[in-house]
Amino acid sequence: MKMRNPPVNSLSLEFLTELLISLEKLESDKAFHAIILTSDCPGIFSAGLDLMEMCGRDPTHYAEYWKAVQELWLRFYLSHLVVISAINGVNAAGGCLLALSCDYRVLADNPKYAMGLNETLLGIIAPFWFKDTLVNTVGHRTAERALQLGLLFPPAEALQVGMVDKVVPEDQVLSAARSELAQWLAIPGHARQLTKSLMRKPTADRLLKERDADIQNFVRFISRDAIQKALRVYLEKLKQKKT
Ligand SMILES: CCCCC/C=C\C/C=C\CC/C=C/CC(=O)SCCNC(=O)CCNC(=O)[C@H](O)C(C)(C)COP(=O)(O)OP(=O)(O)OC[C@H]1O[C@@H](n2cnc3c(N)ncnc32)[C@H](O)[C@@H]1OP(=O)(O)O
């Protein structure tokens, strides 16, 4: 699955919906057993959630958007397919969440390709299920520091803290993901799938039990004047970078 939403693969409502539909199609076709998730945007895996979806819109839109973000995470996190990410670019916040929801992560060895949950740098908060997904991957202490500081880890550090499983030269990221896949596909499918569910269901259930409350919290939080101002300032900084 090659993500293509130029220029930065931001996860707009439309793009989230496209990803969901693609995932559902692959999952319902018995011929498919695995996905390699990668990017078609040079140097960028994903810039995360689309800030334009969270800025200057009305509460109904925020609620619809957040429901789609939840849905994408739940579907990827619990997918019965083997999902491996071949991370071939910078990968921020919501994009990093997507990679953390995969079964295995290969990152291209380029110092520009940092990844992490950098929400605090924008003046926003990583929701509890983003946090849980990170804790499940790197452990509590590393997650606590990374989340508070909004750290984006370059490849060597991402490997060292366990955020990714392998770092390889850029031109080998897809072939390394394919080689890894062979090992996962050699395991009897039902045993692997049940084990995945055993490991992940408690985390997913936390959100499933509080889904509506989580949407309401998001809408309340993102609608605050101070948060809207912080997002506008951040977007402005991104644009000014060019001048
Ligand atoms: C107490 C109660 C608590 C309740 C809590 C409830 C909920 C929690 C609340 C909120 C949580 C919301 C969670 C959000 C998670 C996210 O994913 S936020 C997004 C974070 N992403 C980033 O910080 C990345 C920002 N982008 C960049 O750093 C760079 O763009 C890049 C990816 C490194 C690429 O750099 P490059 O130089 O190649 O490109 P440009 O920067 O020039 O960008 C091109 C173009 O794209 C626009 N853009 C970039 N990123 C985004 C984005 N994420 N969304 C929308 N648009 C983006 C950029 O502005 C440029 O636009 P142009 O100038 O018009 O061309």
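In this predicted model, helices α1 and α2 run roughly parallel to each other, since angles under 35 degrees count as roughly parallel. Their axes cross at roughly 30 degrees and come within 10 Å, with α1 spanning residues 13-28 and α2 residues 59-78. The crossing of α1 past α2 is left-handed. On the α1 side the contact is made by L13, L16, L19, L20, L23, E24 and E27. On the α2 side, H61, E64, Y65, A68, V69, E71, L72, R75 and F76 take part. By class, the residues of this contact comprise 10 nonpolar, five charged and one polar.

| Pair | Centre to centre | Angle between planes | Arrangement |
|---|---|---|---|
| W66 and F218 | 3.9 Å | 10 degrees | stacked |
| W73 and Y77 | 4.8 Å | 20 degrees | stacked |

W66 belongs to α2 and F218 to helix α9 (residues 211-223), so this pair ties together parts 152 residues apart in sequence. W66 counts as buried, at 3% relative accessibility, and F218 counts as buried at 9%. W73 and Y77 both sit in α2, four residues apart, which is about one turn of the helix. Both of these residues, W73 and Y77, are buried. Ring pairs join W66, W73, Y77, W129, F130 and F218 into a cluster.

Elsewhere, A156 is placed in helix α6 (residues 155-161). A156 has a relative accessibility of 61% and therefore counts as exposed. Between A156 and P111 the C-alpha to C-alpha distance is 8.3 Å, at a sequence separation of 45 residues.

Note on methods: Residues are numbered from 1 along each chain as its sequence is written. This is a predicted model: local features need pLDDT of at least 70, side-chain atom pairs count only at pLDDT 80 or more; totals for chains, interfaces and linings use all residues. Side-chain values use heavy atoms; hydrogens and water are left out. Axes are lines fitted to C-alpha atoms, for helices over the stretch in contact, and angles run from 0 to 180 degrees between N-to-C directions. Helices (H or I, at least four residues) and strands (E, at least two) are DSSP runs, numbered from the N terminus. Angles under 35 degrees count as roughly parallel, over 145 as roughly antiparallel, 65 to 115 as roughly perpendicular and the rest as oblique. A crossing is left-handed if the near helix is turned anticlockwise from the far one by less than a right angle, and right-handed if clockwise. Contact means heavy atoms within 4.5 Å. Ala, Val, Leu, Ile, Met, Phe, Trp, Tyr, Cys and Pro count as nonpolar, Asp, Glu, Lys and Arg as charged, and the others, Gly among them, as polar. Buried means under 20% relative accessible area, exposed over 50%, partly exposed in between (1.4 Å probe, protein chains only). Rings of Phe, Tyr and Trp (its six-membered ring) pair if their centres lie within 6.5 Å; planes under 30 degrees apart count as stacked, over 60 as edge-to-face and the rest as tilted.
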